[in-house]
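Work through the exercises below with the sequence and the model side by side. Try each task before reading its solution.

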Amino acid sequence: MFAKRLLAVLVPAILASTAAHAGIALIGKGTLSGTDLSGLTNTLEDGAAANILGGMGSAIAWAGGSTFLLTPDRGPNASTWNAAVDNTTSWIPRYQTIDLGLGGATFSTGSIATLTPTLSATTLLSSASALNYGSAPVLTGTSGQNYFTGRSDAFDAGLSTNNSNARFDPEGIRVTADGKSVYITDEYGPYIYRFDRATGERTGVITLPEKFAAPNLSALGDTEIAGNTVGRVANKGMEGLAITPDGKTLVGIMQSPLAQDGGTSGSTVRIVTVDLATGQVTHEYAYQLDNIGTAAKPKYPSISEIVAINDHEFLIDERDGKGLGDDSKAVVKRIYKIDLAGAQDVGSLTGESALAPKAVAKTLFVDLVALLKANGYTDRTIPAKIEGLAFGPDVLVDGVLQHTLIVVNDNDFLDTTTVQGAPTANPNQFLVFGVSSDLIPTYDAQRIPEPATLALAALGLSGFMLRRKRN
């Protein structure tokens, strides 16, 4: 009788776990650490090197071939050098250009290929116009650049969406259809900025509706949260960014509900769509989180990323903050699929009770905890902050063409951490998953030029557009 009851519990759980990652398999992984190619030689306020290569998994974007762009967030701030600025430093926001090494790898569902990512460039983010540094150090370049900074006190009075403020906390990145620019979202504003891919200079600003702005700013996140009843919650701004395959629309998603929608104890976050031809926000949609806590004891998951399957279907990453890097047990790392076709616009609505009934339907695409544990990871070795998602080039897996989904972690610039009292490696990890075409039959590859084509274009030669082969 006990055995029957045990089977009645275990069998559905096993079947659910299997269904959660049917059609998707871990086929490759790699790590990268060291210093970047920024050329910076100074030391940050907390003692970290200004050219430390870490935290890259805040966002990842496919840039053609085996090339990807990755951005850290606001820089190393795990020390206690200055609590008055939340221990943030004069880190210059940047993105790293990396070849993931997919071209020379052989993939099989029976093994996990070891990839060797290589860094080819580091691009610092700057503005041609002057920026408000507040009480933070001014960061300028020899060629007139005004660099953005991770310091939380680099702002002027007024709304948090003032695009002259120097503080910048990158969280999402996508490449434009011509391959010459990148769009990056952040948490401080929230902002959506366009940067020249070659120079890192800001070339455009997309202004979000005022409802997303916090009116009372502080260098301390907790003080800023306490001082606002509207706008984005401090350190939980626009976390994810997608671009439709045709390059015409951006889709951004907040990490947490706006203050007026319940804040960290709310259930429903906002998705915005932006028409890149006009730079205008065209729609707002609601997305409901899985596990909501209370104001006194907020729970994860929160949103980390969104990536386009086609012009109306998207994958969204919900996660807790537990696992490797937190010395705790990972529980929630789930990727959901949504379809915005027919979803209800919530731009005119305010409050959790109004938004929740309008939330877009979602289905589980893959349970990463279950999948990674099936591949030898444990509750404590699964990266705590799995934050970046990007589709990559199609590859042959057991001789069959499959899509690739790349998942990366933010290691908070800490290459080592502690797991149950023992020092443990905690590198920037690149996890490559093979996705069968029947799992996402409506998949449409992003159209961006091959890196070699961009080089030819720079010389005034014609190139061709890459569009990955579809099954």
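Strands (E, at least two residues) are DSSP runs numbered from the N terminus, and two strands pair if DSSP finds at least two bridges between them. This is a predicted model: local features need pLDDT of at least 70, side-chain atom pairs count only at pLDDT 80 or more, and totals for chains, interfaces and linings use all residues. Residues are numbered from 1 along each chain as its sequence is written, and side-chain values use heavy atoms, with hydrogens and water left out.

**Exercise 1.** Find the strand order of the open sheet of 4 strands, and name its edge strands.

*Solution.* 
- Step 1. The order reads β2-β3-β4-β6, and the pairing is antiparallel.
- Step 2. β2 (59–62) and β6 (118–124) each pair on one side only, which makes them the edge strands.
- Step 3. Look at β2 and β3 (residues 67–71): 4 bridges join these antiparallel strands. Here I60 faces L70 of β3.

**Exercise 2.** Describe the lining of the largest cavity.

*Solution.* 
- Step 1. On a 1 Å grid over the protein atoms alone, a cavity is a set of points where a 1.4 Å probe fits but cannot get out; lining residues have an atom within 4 Å of a point.
- Step 2. The whole structure has 3 cavities of 30 Å³ or more. The largest holds about 140 Å³; a volume is the space filled by probe spheres set on the points, which are joined across faces, edges and corners.
- Step 3. Its lining has 15 residues, with I243, V307, A308, F391 and Q446 nearest the centre. Elements giving two or more residues are β2, β9 (170–175), β17 (302–308) and β21 (386–397).
- Step 4. Sort the lining of the largest cavity: 10 nonpolar, 2 polar and 3 charged. Ala, Val, Leu, Ile, Met, Phe, Trp, Tyr, Cys and Pro count as nonpolar, Asp, Glu, Lys and Arg as charged, and the others, Gly among them, as polar.

**Exercise 3.** Which parts does the salt bridge of E45 and R151 tie together, and is each residue buried or partly exposed?

*Solution.* 
- Step 1. A salt bridge puts a side-chain nitrogen of Lys or Arg within 4 Å of a carboxyl oxygen of Asp or Glu. E45 and R151 meet at 3.0 Å, N to O.
- Step 2. E45 sits in the loop between β1 (24–32) and β2, and R151 in the loop between β8 (146–147) and β9, so the pair ties together parts 106 residues apart in sequence.
- Step 3. Buried means under 20% relative accessible area, exposed over 50%, partly exposed in between (1.4 Å probe, protein chains only). E45, at 28%, is partly exposed; R151, at 7%, is buried.

Methods:
1 Å grid on protein atoms, 1.4 Å probe; cavity = no way out; pocket = protein on both sides within 12 Å on 5 of 7 lines; lining within 4 Å.
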